[in-house]
Amino acid sequence: MKSRRPGGSRLLLGMSCLVVLLENGLGATRVIDLGRQAWKFREVGNFEWYPAAVPGCVLTDLRKNGLVGDPYLRSHENALQWIGGVDWEYRTAFALQAVDLQSERLELVFQGLDTLADVFLNNYLVLKADNFYREWVVDVHSCAKAGENQLRVVFRATRPYIEKRKQQVPWKPLNDFAFIRKPPYHYGWDWGPVFLTAGIWRPAYLRLGNGPYIQSVQVVTDGLDDESARLRLVCQVKAALPAKATMEVEIKEAGVKAVRELSLHEGSQMAEVPLEVKNPRRWWCAGLGEPYMYTADLALSVTGGLPDRREQRFGLRTLKVVQTPDEKGSSFYVELNGRPVFMKGANTIPQSMFPSEVTPADTEFIIRQAQAAHMNMLRVWGGGIYEDDLFYDWCDRTGILVWQDFMFACSMYPDDPAFLANVRQEAVDNVTRLRNHPCLALWCGNNEIYIGWKDWNWPHLMGIEYRDRLWQAYQKVFDQILPEVVAELDPARFFWPSSPKQGWGYPVNTDGDVHYWGVWHGQVPFEAFLQPENIGRFMSEYGFQGMPEMNSLKRFAWPEDLDLSSEVMKTHQKHRIGYPVIDKYIKLYFRWPRDFEAYSYVSQVLQAYGIGLAMEAHRRAMPFCMGTLYWQLNDCYPVTSWSSLDAYGVWKALHYRARRAYSEVLVSPVVEDGQARVYVVSDLRDPLTGRLTLELLDFQGRRAWEKSLDVEIPPNRSSRLFEICLSDLLQGRDKEGHVLRVRLAAGERKAENLLYFVYPKDLKLGTPAIRANMAKDGQGWRVELQTDTLVKDLFLSVPGVAMTWSDNYFDLLPGETKTVTFRGSLPKAMPAPNLKIYSLADSY
Ligand code: BMA
């Protein structure tokens, strides 16, 4: 199980004065990884230096030195706020040889600095950085020397800077974070604390080299059909001197080689290599085929010199976002390789408050969980970070498309030239870095700024007299700078100015994407999810909170904190009225939980219940609606939130629910207009034939009614396959004591769902006698479960031990045997898992 505790994952490098240079052979380019050096840090003005990690940040360095406690534990965060209020400095030393100084290239590269950083090399100020999201490259010929070089990075506190910047605008600012290019969520969000730390958050290195080199590569697909793919490798090449050079490209998977002679002039220039791949293999998203990737090996050389090499992965696919006008407005769907695809997924936020702590294993983990829940799209939300390359690599490999926001959220932004230039360069850096990933579906300008301006009274809140200027500032960034950068550097990619186009509080089913928050923020009942006016063309946000499970709660709270009114539980709930809103919905749908443990469980079951209704409604509305991304996949720290995975990576009830609702073939029964209707939604490429069986059962498993029919299931759509008037179905039987079980069998493929006729609180649940047979199963265990009366939302756990379950939070009917497997490491004192079985009937 994952540990997201700061200080947990990285080894400190020894603090010897010896400087070890890691030399990474890349042909003409040599890299000295500054992360391998011994670094020290201190608060500016303080006497003592402490060991530090690069990449890293102040807070985690303080923690690793034992100077502060666990920031996630209890309410510790409150005591750590001082860290963001002072200045910090980092230093290291590295050695260069006289010959190194003769290199044509001698550059200091920071892939990420958080955020207001002054960089000194041998006491010369070589860089003033002011953007977390940019990569910084500085030529250091003028101040590097043979022998030991001293490198120092001073980080200034961001608050005073923000205050000064705020004074420079006449309007009333909405948010502090708008005045600095640092992740908005660091300043607190409704699922995250405030931690204003600083540091060298991504790798830093020295780059040395001679001869021309490749600055960037773009794989452009000019044409793609079954016979061939016509490609151009567009390379930005830099040379210190005019030279005759050769660019060689090889794509081994396609058996393609090309050589191009180049006449380089001094400076940066573009070089293109046209290529053709015969019988191309397409990149497909999850569920539709293999996400096939090619690799292009590039080598740029001049006679007598070592070649500069690059490896560029890419995929071959076409992707459009189709907006065709129709009677309601216009469509909004992804067409991949000519095929409309329904997008199933979630919104992601950064995985940690301290992004430098996220390990490659963490990144793989999060994408694997999305894959396990049959997702084919994730939205990287605009208040966080442009994710690490590895995040997109995993999306490429697993066939998960990415809706990529630029990092602007929930605020109007300033309009001064320096800010705009900074933003343009940030976009250039990140578009250039990410554009070859086939997973990248689209660029989106921002999160909830257009809607905030249009619907949320911002012009009045900020000063109506500045309305025109503020709107022009908006247009400058989102209608001009960002689309211009995309058009120039990534022209095949769709640009969408803001998510969403439609908010809530009025019918949202015309065009564009929708953030539907009538449920939760608007506090209307879950049934609103089913109303056609609330189902738009593409549901890019909707959600509901649930707590982490007890095992997870106990990782950051002490026993005396396990009470909703405790300071600790309040600290780990960041929404202003989070618990009252949960309470309100519990009262609508569930019986009041008997204690704290029951509350944490019911809050999860409630979350899965509500969001499950929405997911199925969105899929049933296909092809009118062509996407559903719930808010939110993950957490950045342990908290009660909208996530389906808690901060430790544990699946909440919602994640299991998402996996069922997102399966390729979904059976979805629902009561509409007094009719019990059965829909089957298929994301498959081909039609299916099968048998649909409907059974009305009482909670002892006795069948009161049954119907079986042969069905044809068309591919890539939602079909209503059966309906019956509810009163004909029930024939006077009690709604509180019956359930409709619908099963589909189509060859190997099976799908099943249950339809209840009343809210969970009104179900006549008995006290089940559950039989559980547990046995060792390879590395883990297997448990077979049976019951004598319906068990609702059966939750398995092993108190104190983190386990991975093949299924959980499911309903079990008499006559069924459910087999669940699970894995985890048991403490020595526990020879076999101390299995705890809990269900809705235990919660009140
Ligand atoms: C959405 C997001 C976030 C927020 C969430 C829950 O609209 O864009 O700003 O965390 O609502 O309130």
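**Figure 1. The whole chain.** The radius of gyration is taken over C-alpha atoms, and the globule rule is 2.2 Å times the number of residues to the power 0.38. For 844 residues that rule puts a compact globule near 28 Å, and the protein chain agrees at 29 Å. This is a predicted model, where local features need pLDDT of at least 70 and side-chain atom pairs count only at pLDDT 80 or more, while totals for chains, interfaces and linings use all residues. Residues are numbered from 1 along each chain as its sequence is written, and side-chain values use heavy atoms, with hydrogens and water left out. The C-alpha trace spans about 90 × 65 × 65 Å along its principal axes. Helices (H or I, at least four residues) and strands (E, at least two) are DSSP runs numbered from the N terminus, and the protein chain has 14 helices and 47 strands. Buried residues (under 20% relative accessible area with a 1.4 Å probe, protein chains only; exposed is over 50%, partly exposed in between) make up 60% of the 844. Contact means heavy atoms within 4.5 Å; of the contacts between residues at least 6 apart in sequence, 70% join residues at least 24 apart.

**Figure 2. Inside the largest nonpolar core.** A nonpolar core is a set of buried Ala, Val, Leu, Ile, Met, Phe, Trp, Tyr and Cys residues joined through side-chain atoms within 4.5 Å. The largest one here holds 224 residues, and Leu108, Phe110, Leu113, Phe406, Phe408 and Tyr630 touch the most other members. Helix α12 (residues 596–620) gives the most to this core, with 12 residues. Apart from it sits another core of 30 residues, including Val249, Ile251, Ala258 and Val273. In soluble globular proteins, nonpolar side chains tend to be buried together.

**Figure 3. Tyr630 and helix α13.** Leaving out residues up to four places away in sequence, the partners of Tyr630 include Ile611, Met615, Leu654, His655 and Ala658. Helix α13 (residues 653–661) is largely enclosed by the rest of the structure, because 7 of its 9 residues are buried. Among those buried are Leu654, His655 and Ala658. Their cover includes α3 (360–372), α12, β33 (627–630), β34 (665–672) and β44 (804–805).

**Figure 4. Gly384 in its loop.** Gly384 is in the loop between β27 (377–380) and α4 (389–398). With 0% relative accessibility, this glycine counts as buried. Beyond residues up to four places away in sequence, Gly384 touches Tyr133, Pro183, Pro184, Tyr185, Pro350 and Met407. What separates the C-alpha atoms of Gly384 and Trp189, 195 residues apart along the chain? The answer is 10 Å.

**Figure 5. Two cis peptide bonds.** Val54 and Pro55 are joined by a cis peptide bond, omega about 0°. Pro55 belongs to the loop between β4 (50–52) and α1 (58–64). The bond from Asp114 to Thr115 is also cis, with omega near -15°, and Thr115 is in the loop between β7 (113–114) and β8 (116–121).

**Figure 6. Positive phi at Trp520 and Asp673.** Neither residue is a glycine, yet phi is near 80° at Trp520 and about 50° at Asp673. Trp520 is in the loop between β31 (513–515) and β32 (538–541), and counts as buried at 1% relative accessibility. Asp673, in the loop between β34 and β35 (675–682), is exposed, with a relative accessible area of 69%.
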